[in-house]
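The sequence and the structure are shown first.

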Amino acid sequence: MITHLRISNFKSHKATSLRMSNLTVLTGVNGCGKTSVIQALLLLRQSFLKGRLASGLDLNQPLCSIGIAHDALYRLASSGIISFEFIEDQKNTYLFEFDAENGLKDSFIRKSQYSEQANDIAKLDKLPLFNNDFQYISALRWGGRSVFPKETYAVETQRQISQNDGQGELVAHFLDKYGADIMSDYYDEKGENNCSLLQQLVYWERKISPNITIDIESGKDNNTYSVIYGFSSEDNQIKPLSELRAENIGFGISYTLPVIAALLSAPKGALIILENPEAHLHPAGQAELARLIAKVAEKGVQVVVETHSDHIINGIQLSCKHHEENKKMGIDKDKVSIHYLYGKDKHASQVVTVNITNGGHVDYQPKGFFDQAENDLYNLYKK
């Protein structure tokens, strides 16, 4: 597990240091550097998978695209060195340094001549960031679609739900391949005996939309997969709805499909990065999703979440309170790191860490940290 991350001279990050936990939450106003934190990790992974990390940093495709070195370098940098450093399990430090100064128009930034990162490349495939125990689901995911592509190597060898930009476009193939596999038990109620990936996915989707059903079918051409939705009936007098297209059901259901699949299928020690998992969800659905995220993180999966949702934050706080009251529920507050990012002087990202204390409360609420509802209600009712 990554326990600390440092980013220097990258986009809005002049010098940013973050504590990482089982569950790390990035929040803050738009344009303050949340996505750039995630991109730092994605750039390392995509450069490694292309076999180029020993030589430098590949800025474009398939996980994210920055452009050229000029776009990657902090605009007021005093040098051209971009560095990413992370600590694994509080003991092993990995430092990557890249020199953008002499190639600002290039889409590949060569490693610094002083960097020793090439010596560490052989060890990296043991880390979740670089191996198959990784999933990235972005805010650009395939929602509202019923037909998904087939990608045998990415799904069946690399076990990936996404191949391009974290879209989750391989989720149907992934569920067809692994849907019957038994996973960790994430049911709330006792007595459930089917811990397959697909059955648990349906269980959690029903927290968002009651009685939803989900099936996966291979396309007639064997090159695609279809996700077929329906609604079962608790009353035998009402005929169930079946064979509904994603376009004809709530967007929140299809948008959460790759998110929930990634969470439920992750083995202990895996790394999952989620951007705006709350997209298109009703507040109650967001709270349920937060509960699942906390459950997965408590079991030893590292989850990094970028969010703009107070319901996700509140759900995590409640999960900490529930764990305090019953160790079999929620997540230990010491396994959660919440970072509020904002901009200040010299266009550099600033970070305030908000700690969860006893009872699920926070130790400090910075200005702008999910206080808009309070401010609006105050202005609404003040005389």
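Which residue in β13 does Y136 stand opposite? The model is predicted, and in it Y136 faces I273 of β13.

The strands β8 and β13 run parallel and are joined by four bridges, with β13 covering residues 271–275. Both belong to an open sheet of six strands, ordered β8-β13-β14-β3-β15-β16, in which the pairing is mixed.

**Pairing around β11**

Strand β11 spans residues 224–231, and six of its eight residues are buried.

| Partner of β11 | Residues | Bridges to β11 |
|---|---|---|
| β9 | 147–149 | three bridges |
| β10 | 212–218 | seven bridges |
| β12 | 241–244 | two bridges |

Individual residues can be assigned to these pairings. F148 stands opposite Y225 in β11, I212 stands opposite F231 in β11, and Y229 has L244 in β12 as its bridge partner. The strands β10 and β11 also form a hairpin with five residues between them. In the turn of this hairpin, N222 has a positive phi of about 65°.

**Aromatic pairs**

A pair of aromatic rings is described by the distance of the centres and the angle of the planes. The structure holds 14 aromatic pairs. One of them is formed by F86 and F130, which are tilted at 35° between the planes, with 6.4 Å centre to centre. This pair links distant parts of the chain, 44 residues apart: F86 lies in strand β5 (residues 81–88), whereas F130 lies in the loop between β7 (108–110) and β8. F86 counts as buried because its relative accessibility is 1%, under the 20% cut-off. F130 counts as buried as well, at 3% relative accessibility.

The pair of Y187 and Y203 is edge-to-face, because the planes stand at 80°, with the ring centres 4.8 Å apart. Here Y187 belongs to the loop between α4 (171–178) and α5 (197–208), while Y203 lies in helix α5, 16 residues apart. Both Y187 and Y203 are buried.

F86 and F130 also belong to one aromatic cluster, together with F48, Y94 and F96.

**Charges over rings**

Two contacts between a charged residue and a tyrosine ring complete the description. R159 lies over the face of Y178, at 4.1 Å from the ring centre. The charged end of K299 sits over the ring of Y186, 4.5 Å from its centre.

Definitions and conventions. Residues are numbered from 1 along each chain as its sequence is written. This is a predicted model: local features need pLDDT of at least 70, side-chain atom pairs count only at pLDDT 80 or more; totals for chains, interfaces and linings use all residues. Side-chain values use heavy atoms; hydrogens and water are left out. Two strands pair if DSSP finds at least two bridges between them. Buried means under 20% relative accessible area, exposed over 50%, partly exposed in between (1.4 Å probe, protein chains only). Rings of Phe, Tyr and Trp (its six-membered ring) pair if their centres lie within 6.5 Å; planes under 30 degrees apart count as stacked, over 60 as edge-to-face and the rest as tilted. A charge sits over a ring if NZ of Lys or CZ of Arg is within 6 Å of the ring centre and within 35 degrees of the ring normal.
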